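Morning, everyone. I have one structure to go through today, and I will keep to what can be read from the coordinates. Please have the sequence and the viewer open.

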Amino acid sequence: MTTNTSMNPTHAQARRLEFAKSAPKAFRSLVAFDAAAREGLDPALVELIQIRASHLNHCAYCLHMHTNDARKAGESEDKLHMVAVWREARHFFTEREQAALALTEAMTLVADAGVPDDVYAQAASHFEEGELAQVLALICAINTWNRVALSTRKAAGTDER
């Protein structure tokens with residue numbers, strides 16, 4: 001019987017690179033982009049956006065990190081438990097947060113249907129142009145971080161910041 005080493009997480013983990021060490025310039029650029037994207041946005045909203053994208057991308061590493069950061073930013077446990085099902089629990093979220101979560105879903109799943117006009121218009125009605133640009137950048141940043149963490153098999157609970 002042959003063992004498929006690609007299915008063995010321990011073996012596969014040993015073969016994955018450390019992005020920050022292997023591509024330090026790209027890593028520093030991504031950190032700077034992420035910081036620029038967050039600038040001027042409410043820290044709790046930033047975390048809600050990052051949590052939702054991480055749910056959709058199945059990124060446990062980022063989900064663990066950003067739920068912890070959301071708690072530090074003052075989000076309640078009740079609200080954090082509702083992010084994945086926010087449409088069914090709208091009363092936990094402001095209209096602004098709902099618009100940001102809908103935009104996060106559309107951008108994260110962009111290959112499915114693009115970013116529908118109604119989703120974009122709803123976000124634009126809740127954010128000034130500069131803020132909306134920051135939200136767009138933040139969604140791009142977290143999707144990039146999710147892809148880096150998933151590709152390098154970062155383990156949830158091992159936040160190295």
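I will start with one residue. Valine 46 touches Arg38, Leu41 and Leu138, leaving out residues up to four places away in sequence. Valine 46 sits in helix H4. Is valine 46 buried or exposed? Its relative accessible area is 2%, so valine 46 counts as buried. For a distance across the fold, take valine 46 and cysteine 140: they are 94 residues apart in sequence, and their C-alpha atoms are 12 Å apart in space.

Before going further, a word on confidence. This is a predicted model. The protein chain has an average pLDDT of 91, and 90% of the residues score at least 70. The exception I want to point out is residues 1-8, where pLDDT stays under 50. For that stretch the model has six contacts beyond four places in sequence. Where pLDDT is low, the predicted coordinates should not be read in detail.

Arginine 38 belongs to helix H3. With a relative accessible area of 26%, arginine 38 is partly exposed. Which residues does arginine 38 contact, leaving aside its neighbours within four places in sequence? They are Val46, Glu47, Gln50, His66, Gln134 and Leu138. Along the chain, arginine 38 and alanine 26 are 12 residues apart, and 18 Å separates their C-alpha atoms.

Helix H3 covers residues 24-38 and helix H10 covers residues 129-151. Their axes come within 8 Å and cross at roughly 145°. The crossing of H3 and H10 is left-handed. On the H3 side, the contact is made by Phe27, Leu30, Val31, Phe33, Asp34, Ala36, Ala37 and Arg38. On the H10 side, the residues are Gln134, Ala137, Leu138, Cys140, Ala141, Thr144, Trp145 and Val148. How do the residues of this contact divide by type? There are 12 nonpolar, two polar and two charged.

Next, the rings. A pair of aromatic rings is described by the distance of the centres and the angle of the planes. The count comes to two aromatic pairs. One of them joins phenylalanine 19 and phenylalanine 27, at 6.3 Å centre to centre with 70° between the planes, and it is edge-to-face. Phenylalanine 19 has 24% relative accessibility and counts as partly exposed. Phenylalanine 27, at 27%, also counts as partly exposed.

Phenylalanine 27 pairs with tryptophan 145 as well, again edge-to-face, at 5.7 Å centre to centre and 75° between the planes. Phenylalanine 27 is in helix H3 and tryptophan 145 is in helix H10, so this pair ties together parts that are 118 residues apart in sequence. Tryptophan 145 counts as buried because its relative accessibility, 18%, falls under the 20% cut-off. Taken together, ring pairs link Phe19, Phe27 and Trp145 into a cluster.

Glutamate 105 lies in helix H7, which spans residues 95-108. The relative accessible area of glutamate 105 is 11%, so it counts as buried. What does glutamate 105 touch, not counting residues up to four places away in sequence? The contacts are Arg52, Leu56, Trp86 and Arg87.

Histidine 58 is not a glycine, yet it has a positive phi of about 60°. Where is histidine 58? It lies in the loop between helix H4 (43-57) and helix H5 (60-72). Histidine 58 is exposed, at 66% relative accessible area. Arginine 153, likewise not a glycine, has a positive phi of about 55°. Arginine 153 is found in the segment after H10, and at 31% relative accessibility it counts as partly exposed.

To recap the packing: H3 and H10 cross left-handed, and the pair of phenylalanine 27 with tryptophan 145 ties parts of those two helices together. That is what I have for today.

Note on methods: Residues are numbered from 1 along each chain as its sequence is written. This is a predicted model: local features need pLDDT of at least 70, side-chain atom pairs count only at pLDDT 80 or more; totals for chains, interfaces and linings use all residues. Side-chain values use heavy atoms; hydrogens and water are left out. pLDDT is the predictor's confidence in each residue, from 0 to 100. Contact means heavy atoms within 4.5 Å. Axes are lines fitted to C-alpha atoms, for helices over the stretch in contact, and angles run from 0 to 180 degrees between N-to-C directions. Helices (H or I, at least four residues) and strands (E, at least two) are DSSP runs, numbered from the N terminus. A crossing is left-handed if the near helix is turned anticlockwise from the far one by less than a right angle, and right-handed if clockwise. Ala, Val, Leu, Ile, Met, Phe, Trp, Tyr, Cys and Pro count as nonpolar, Asp, Glu, Lys and Arg as charged, and the others, Gly among them, as polar. Rings of Phe, Tyr and Trp (its six-membered ring) pair if their centres lie within 6.5 Å; planes under 30 degrees apart count as stacked, over 60 as edge-to-face and the rest as tilted. Buried means under 20% relative accessible area, exposed over 50%, partly exposed in between (1.4 Å probe, protein chains only).
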